[in-house]
Amino acid sequence: ETYENILVETKGKVGIIRLNRPKALNALSDGLVTDLEKALNAFEDDAAIHVIVVTGSERAFAAGADIKEMAKFTYQDTYLNDFITKKWGRLATCRKPTIAAVAGYALGGGCELAMMADFIIAADNAKFGQPEITIGTIPGAGGTQRLTRAVGKAKAMELCLTGRMMDAEEAERSGLVARVVPAADLMDEALKTAEKIAGFSRPVTMMAKESVNRALETGLNDGLLFERRVFHATFALDDQKEGMDAFVNKRPPNFTDR
Ligand code: HXC
(Lines give C-alpha, C1' and ligand atoms only; values in the text may rest on other atoms or scores of the structure.)
Protein backbone atom coordinates (compact mmCIF):
# COMPACT_ATOMS: atom_id res chain seq x y z
CA GLU A 1 0.00 0.00 0.00
CA THR A 2 1.29 3.48 -0.81
CA TYR A 3 0.09 6.54 1.02
CA GLU A 4 -0.05 10.20 0.10
CA ASN A 5 0.28 11.76 3.54
CA ILE A 6 2.43 9.37 5.54
CA LEU A 7 5.62 7.32 5.07
CA VAL A 8 5.58 3.77 6.34
CA GLU A 9 8.52 1.47 6.96
CA THR A 10 9.45 -1.48 9.12
CA LYS A 11 12.70 -2.09 10.99
CA GLY A 12 12.76 -5.65 12.26
CA LYS A 13 9.74 -6.01 14.52
CA VAL A 14 9.07 -2.25 14.66
CA GLY A 15 6.55 -0.53 12.40
CA ILE A 16 7.22 3.16 11.77
CA ILE A 17 4.63 5.68 10.59
CA ARG A 18 5.92 9.14 9.71
CA LEU A 19 3.32 11.88 9.26
CA ASN A 20 4.30 13.63 6.06
CA ARG A 21 2.52 16.83 5.05
CA PRO A 22 5.53 19.11 5.53
CA LYS A 23 3.95 22.18 3.90
CA ALA A 24 1.13 22.15 6.44
CA LEU A 25 3.27 21.15 9.45
CA ASN A 26 1.56 17.74 9.30
CA ALA A 27 -1.87 19.20 9.94
CA LEU A 28 -4.23 16.27 10.40
CA SER A 29 -6.34 16.44 7.25
CA ASP A 30 -8.95 13.82 6.46
CA GLY A 31 -6.53 12.34 3.92
CA LEU A 32 -3.79 12.07 6.52
CA VAL A 33 -5.91 10.45 9.21
CA THR A 34 -7.38 8.03 6.65
CA ASP A 35 -3.84 6.97 5.76
CA LEU A 36 -2.91 6.75 9.43
CA GLU A 37 -5.86 4.50 10.24
CA LYS A 38 -5.05 2.16 7.34
CA ALA A 39 -1.38 1.93 8.29
CA LEU A 40 -2.24 1.24 11.93
CA ASN A 41 -4.68 -1.49 10.89
CA ALA A 42 -2.00 -3.08 8.72
CA PHE A 43 0.60 -3.08 11.51
CA GLU A 44 -1.92 -4.41 14.02
CA ASP A 45 -2.78 -7.28 11.65
CA ASP A 46 0.88 -8.11 10.94
CA ALA A 47 2.07 -10.71 13.46
CA ALA A 48 5.71 -9.86 12.64
CA ILE A 49 5.27 -6.33 14.04
CA HIS A 50 5.53 -6.02 17.81
CA VAL A 51 5.71 -2.25 18.38
CA ILE A 52 4.47 0.79 16.43
CA VAL A 53 6.26 4.17 16.39
CA VAL A 54 4.45 7.27 15.15
CA THR A 55 6.53 10.33 14.37
CA GLY A 56 6.53 13.53 12.32
CA SER A 57 9.27 15.83 11.08
CA GLU A 58 11.94 17.75 12.96
CA ARG A 59 9.76 20.86 12.76
CA ALA A 60 6.40 19.36 13.61
CA PHE A 61 4.90 16.17 14.93
CA ALA A 62 1.56 17.71 13.92
CA ALA A 63 0.27 21.28 14.27
CA GLY A 64 -3.28 20.11 14.88
CA ALA A 65 -6.39 19.29 12.95
CA ASP A 66 -6.35 20.88 9.49
CA ILE A 67 -7.88 24.27 10.23
CA LYS A 68 -8.42 25.09 6.55
CA GLU A 69 -10.46 21.91 6.12
CA MET A 70 -12.28 22.20 9.43
CA ALA A 71 -13.19 25.89 9.18
CA LYS A 72 -16.27 25.30 7.02
CA PHE A 73 -17.75 22.36 8.93
CA THR A 74 -21.24 22.68 10.37
CA TYR A 75 -22.40 21.07 13.58
CA GLN A 76 -24.20 18.46 11.49
CA ASP A 77 -20.97 17.60 9.63
CA THR A 78 -19.03 17.10 12.85
CA TYR A 79 -21.77 15.16 14.62
CA LEU A 80 -22.76 12.88 11.76
CA ASN A 81 -19.12 12.03 10.93
CA ASP A 82 -18.14 11.79 14.58
CA PHE A 83 -15.43 14.35 13.80
CA ILE A 84 -12.66 13.93 14.68
CA THR A 85 -11.56 10.74 16.34
CA LYS A 86 -13.39 8.14 14.28
CA LYS A 87 -10.26 7.44 12.23
CA TRP A 88 -7.27 8.55 14.26
CA GLY A 89 -8.74 7.28 17.50
CA ARG A 90 -7.37 4.01 16.08
CA LEU A 91 -4.03 4.83 17.68
CA ALA A 92 -5.65 4.71 21.12
CA THR A 93 -7.21 1.30 20.46
CA CYS A 94 -4.05 -0.44 19.23
CA ARG A 95 -3.35 -3.54 21.33
CA LYS A 96 0.35 -3.55 20.48
CA PRO A 97 2.63 -1.09 22.27
CA THR A 98 2.82 2.31 20.58
CA ILE A 99 5.32 5.14 20.95
CA ALA A 100 4.95 8.74 19.76
CA ALA A 101 8.34 10.23 18.88
CA VAL A 102 7.68 13.96 18.98
CA ALA A 103 9.86 16.76 17.63
CA GLY A 104 8.72 20.33 17.09
CA TYR A 105 5.06 21.29 17.34
CA ALA A 106 2.53 18.90 18.85
CA LEU A 107 -0.44 21.23 19.03
CA GLY A 108 -4.17 20.68 19.32
CA GLY A 109 -4.96 17.42 17.58
CA GLY A 110 -1.21 16.83 17.28
CA CYS A 111 -0.81 16.83 21.05
CA GLU A 112 -3.95 14.71 21.32
CA LEU A 113 -2.62 12.18 18.81
CA ALA A 114 0.68 11.95 20.69
CA MET A 115 -1.23 11.34 23.92
CA MET A 116 -3.09 8.42 22.29
CA ALA A 117 0.22 6.56 22.11
CA ASP A 118 1.32 4.49 25.11
CA PHE A 119 4.07 6.97 25.81
CA ILE A 120 5.80 9.96 24.29
CA ILE A 121 9.52 10.35 23.72
CA ALA A 122 10.17 14.03 23.03
CA ALA A 123 12.98 15.83 21.27
CA ASP A 124 14.33 18.78 23.23
CA ASN A 125 12.74 21.13 20.68
CA ALA A 126 9.23 19.72 21.18
CA LYS A 127 6.37 22.06 22.01
CA PHE A 128 3.04 20.82 23.31
CA GLY A 129 -0.19 22.74 23.57
CA GLN A 130 -3.94 22.84 23.15
CA PRO A 131 -4.45 26.13 21.29
CA GLU A 132 -8.04 25.37 20.21
CA ILE A 133 -9.34 28.16 22.46
CA THR A 134 -7.49 30.68 20.27
CA ILE A 135 -9.53 29.63 17.22
CA GLY A 136 -12.91 29.50 18.92
CA THR A 137 -13.21 25.84 19.80
CA ILE A 138 -12.04 23.32 22.38
CA PRO A 139 -9.97 20.13 22.17
CA GLY A 140 -11.99 17.31 20.62
CA ALA A 141 -9.73 14.27 20.66
CA GLY A 142 -8.78 13.92 24.29
CA GLY A 143 -7.08 17.21 25.07
CA THR A 144 -9.26 17.96 28.07
CA GLN A 145 -9.24 14.34 29.26
CA ARG A 146 -5.89 12.66 28.54
CA LEU A 147 -3.93 15.85 29.24
CA THR A 148 -5.69 16.25 32.60
CA ARG A 149 -4.89 12.66 33.55
CA ALA A 150 -1.27 13.15 32.45
CA VAL A 151 -0.40 16.51 34.02
CA GLY A 152 -3.18 17.16 36.53
CA LYS A 153 -5.98 19.70 36.61
CA ALA A 154 -4.03 22.91 37.21
CA LYS A 155 -1.70 22.66 34.25
CA ALA A 156 -4.29 21.09 31.91
CA MET A 157 -6.75 23.84 32.77
CA GLU A 158 -4.15 26.54 32.22
CA LEU A 159 -3.04 25.08 28.89
CA CYS A 160 -6.60 24.60 27.58
CA LEU A 161 -7.77 28.03 28.74
CA THR A 162 -4.78 30.06 27.57
CA GLY A 163 -3.56 28.01 24.59
CA ARG A 164 0.04 28.49 25.72
CA MET A 165 2.70 26.04 24.62
CA MET A 166 4.76 23.93 26.97
CA ASP A 167 8.35 23.06 26.09
CA ALA A 168 9.84 19.56 26.31
CA GLU A 169 11.42 20.13 29.71
CA GLU A 170 8.16 21.29 31.26
CA ALA A 171 6.34 18.42 29.55
CA GLU A 172 8.70 15.90 31.11
CA ARG A 173 8.58 17.56 34.52
CA SER A 174 4.80 17.46 34.51
CA GLY A 175 4.50 13.85 33.40
CA LEU A 176 3.28 14.30 29.82
CA VAL A 177 6.34 12.69 28.26
CA ALA A 178 8.38 9.68 29.33
CA ARG A 179 11.75 11.06 28.29
CA VAL A 180 13.40 14.02 26.54
CA VAL A 181 16.34 13.43 24.20
CA PRO A 182 18.46 15.70 21.99
CA ALA A 183 16.54 16.42 18.78
CA ALA A 184 19.26 14.83 16.63
CA ASP A 185 18.89 11.54 18.52
CA LEU A 186 15.10 11.33 18.58
CA MET A 187 14.56 8.50 16.08
CA ASP A 188 17.60 6.53 17.29
CA GLU A 189 16.32 6.68 20.86
CA ALA A 190 12.72 5.92 19.90
CA LEU A 191 13.80 2.95 17.80
CA LYS A 192 16.16 1.67 20.48
CA THR A 193 13.28 1.80 22.95
CA ALA A 194 10.87 0.17 20.49
CA GLU A 195 13.37 -2.60 19.66
CA LYS A 196 13.88 -3.30 23.34
CA ILE A 197 10.14 -3.79 23.83
CA ALA A 198 9.91 -5.77 20.58
CA GLY A 199 12.51 -8.20 21.94
CA PHE A 200 10.17 -9.34 24.71
CA SER A 201 7.23 -11.71 24.41
CA ARG A 202 4.55 -10.10 22.24
CA PRO A 203 1.60 -11.36 24.29
CA VAL A 204 3.28 -10.29 27.52
CA THR A 205 3.95 -6.75 26.27
CA MET A 206 0.30 -6.55 25.25
CA MET A 207 -0.80 -7.78 28.68
CA ALA A 208 1.43 -5.23 30.44
CA LYS A 209 -0.02 -2.47 28.28
CA GLU A 210 -3.58 -3.57 28.89
CA SER A 211 -3.00 -3.67 32.63
CA VAL A 212 -1.40 -0.21 32.85
CA ASN A 213 -4.25 1.23 30.79
CA ARG A 214 -6.73 -0.33 33.20
CA ALA A 215 -5.35 1.91 35.93
CA LEU A 216 -6.94 4.88 34.16
CA GLU A 217 -10.35 3.23 33.87
CA THR A 218 -11.03 1.81 37.31
CA GLY A 219 -10.67 2.04 41.09
CA LEU A 220 -7.60 0.63 42.83
CA ASN A 221 -9.01 -2.68 44.01
CA ASP A 222 -10.63 -3.53 40.68
CA GLY A 223 -7.41 -2.52 38.95
CA LEU A 224 -5.32 -4.70 41.26
CA LEU A 225 -7.66 -7.62 40.64
CA PHE A 226 -7.43 -7.11 36.88
CA GLU A 227 -3.63 -7.00 37.13
CA ARG A 228 -3.49 -10.15 39.23
CA ARG A 229 -5.73 -12.08 36.82
CA VAL A 230 -3.52 -11.08 33.89
CA PHE A 231 -0.36 -11.81 35.89
CA HIS A 232 -1.71 -15.29 36.65
CA ALA A 233 -2.51 -15.75 32.97
CA THR A 234 1.14 -15.16 31.98
CA PHE A 235 1.88 -18.48 33.70
CA ALA A 236 -0.07 -20.19 30.92
CA LEU A 237 2.47 -18.96 28.36
CA ASP A 238 5.55 -20.78 27.06
CA ASP A 239 7.28 -17.40 27.21
CA GLN A 240 6.94 -17.21 31.01
CA LYS A 241 8.60 -20.65 31.31
CA GLU A 242 11.28 -19.58 28.85
CA GLY A 243 11.97 -16.24 30.52
CA MET A 244 12.32 -17.67 34.00
CA ASP A 245 14.28 -20.74 32.86
CA ALA A 246 16.67 -18.47 30.98
CA PHE A 247 17.22 -16.39 34.10
CA VAL A 248 17.80 -19.41 36.31
CA ASN A 249 20.24 -20.94 33.83
CA LYS A 250 22.04 -17.65 33.13
CA ARG A 251 21.32 -17.61 29.39
CA PRO A 252 19.47 -15.13 27.15
CA PRO A 253 15.77 -15.93 26.67
CA ASN A 254 14.35 -16.92 23.31
CA PHE A 255 10.73 -15.80 23.30
CA THR A 256 8.41 -17.41 20.76
CA ASP A 257 5.27 -15.34 21.43
CA ARG A 258 3.48 -18.49 22.55
C1 HXC B 1 -3.84 23.86 8.61
C2 HXC B 1 -1.75 24.64 9.16
C3 HXC B 1 -1.94 24.30 10.51
C4 HXC B 1 -3.17 23.67 10.86
C5 HXC B 1 0.02 25.17 10.32
N6 HXC B 1 -0.52 25.18 9.09
N7 HXC B 1 -0.83 24.64 11.20
N8 HXC B 1 -2.69 24.43 8.23
N9 HXC B 1 -4.07 23.49 9.88
N10 HXC B 1 -3.44 23.27 12.10
C11 HXC B 1 0.06 25.69 7.85
C12 HXC B 1 0.06 27.20 7.81
O13 HXC B 1 -1.17 27.67 7.40
C14 HXC B 1 1.15 27.45 6.81
O15 HXC B 1 0.64 27.23 5.51
C16 HXC B 1 2.15 26.35 7.09
O17 HXC B 1 1.43 25.32 7.79
C18 HXC B 1 3.29 26.80 7.98
O19 HXC B 1 2.74 27.40 9.15
P20 HXC B 1 3.14 28.87 9.66
O21 HXC B 1 2.06 29.34 10.52
O22 HXC B 1 3.52 29.73 8.51
O23 HXC B 1 4.45 28.53 10.51
P24 HXC B 1 5.00 29.29 11.80
O25 HXC B 1 4.88 30.77 11.63
O26 HXC B 1 6.33 28.67 12.06
O27 HXC B 1 3.99 28.89 12.98
C28 HXC B 1 3.87 27.56 13.40
C29 HXC B 1 2.63 27.38 14.28
C30 HXC B 1 1.39 27.92 13.55
C31 HXC B 1 2.82 28.13 15.63
C32 HXC B 1 2.50 25.88 14.58
O33 HXC B 1 1.34 27.31 12.24
C34 HXC B 1 0.09 27.63 14.22
O35 HXC B 1 -0.27 28.29 15.19
N36 HXC B 1 -0.67 26.65 13.69
C37 HXC B 1 -1.99 26.33 14.19
C38 HXC B 1 -1.91 25.62 15.50
C39 HXC B 1 -3.28 25.31 16.02
O40 HXC B 1 -4.08 26.19 16.32
N41 HXC B 1 -3.57 24.03 16.15
C42 HXC B 1 -4.82 23.56 16.72
C43 HXC B 1 -5.76 23.35 15.61
S44 HXC B 1 -7.34 22.98 16.24
P45 HXC B 1 0.74 28.33 4.35
O46 HXC B 1 -0.02 27.71 3.23
O47 HXC B 1 0.16 29.58 4.89
O48 HXC B 1 2.22 28.43 4.12
C49 HXC B 1 -7.30 21.36 16.53
C50 HXC B 1 -8.62 20.87 16.96
C51 HXC B 1 -8.54 19.47 17.29
O52 HXC B 1 -6.34 20.68 16.39
C53 HXC B 1 -9.83 19.13 17.91
C54 HXC B 1 -10.30 17.84 17.51
C55 HXC B 1 -9.24 16.85 17.43
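1. Basis of the values. Because the model is predicted, local features need pLDDT of at least 70 and side-chain atom pairs count only at pLDDT 80 or more, while totals for chains, interfaces and linings use all residues. Residues are numbered from 1 along each chain as its sequence is written, and side-chain values use heavy atoms, with hydrogens and water left out.

2. Shell around the ligand. The ligand is surrounded by 24 residues, of which Arg 59, Ala 65, Ile 67, Ile 84 and Gly 109 are the closest; a residue counts as near if one of its heavy atoms lies within 4 Å of the molecule. By class the shell holds 14 nonpolar, four polar and six charged residues, where Ala, Val, Leu, Ile, Met, Phe, Trp, Tyr, Cys and Pro are taken as nonpolar, Asp, Glu, Lys and Arg as charged, and the others, Gly among them, as polar.

3. Elements at the ligand. Helix H2 (67–70), strand E6 (105–107) and helix H6 (109–116) each bring at least two residues to this shell, and H2 gives the most, with three. Helices (H or I, at least four residues) and strands (E, at least two) are DSSP runs numbered from the N terminus.

4. A polar side-chain atom of Arg 59 is placed 2.8 Å from an oxygen atom of the ligand, a polar backbone atom of Ala 65 lies 2.8 Å from a ligand oxygen atom, and for Gly 109 a backbone N or O atom is 2.8 Å from an oxygen atom of the ligand. Of the 1,000 Å² of accessible area that the ligand has on its own, the protein covers 67%, with areas taken from the Shrake-Rupley method with a 1.4 Å probe.

5. A pocket here is an open set of points, on a 1 Å grid over the protein atoms alone, where a 1.4 Å probe fits, with protein on both sides within 12 Å along at least five of seven lines, and lining residues have an atom within 4 Å of a point. This second largest pocket contains about 660 Å³ of space, a volume being the space filled by probe spheres set on the points. Its lining has 30 residues, and Ala 65, Ile 67, Met 70, Ile 135 and Thr 137 are the closest to its centre. H2 contributes the most to this lining, with three residues.

6. The largest pocket. About 1,000 Å³ of space lies in the largest pocket, which is lined by 32 residues, with Met 115, Ala 117, Asp 118, Asn 213 and Leu 216 nearest its centre. Helix H11 (202–214) is among the elements that give two or more residues to this lining, and H11 gives the most, with eight. The lining divides into 19 nonpolar, five polar and eight charged residues.

7. Backbone features to inspect. Most residues other than glycine have a negative phi, and most peptide bonds are trans. The bond from Phe 83 to Ile 84 is cis, with omega near 25°, and Ile 84 lies in the loop between helix H3 (75–80) and helix H4 (85–88). Asn 26 has a positive phi of about 60° although it is not a glycine, and Asn 26 is in the loop between strand E2 (14–19) and helix H1 (30–45).

Notes. A polar contact is a pair of N or O atoms within 3.5 Å; within protein, one must be able to donate a hydrogen and the other to accept it, and residues adjacent in sequence count only if both atoms are side-chain atoms.
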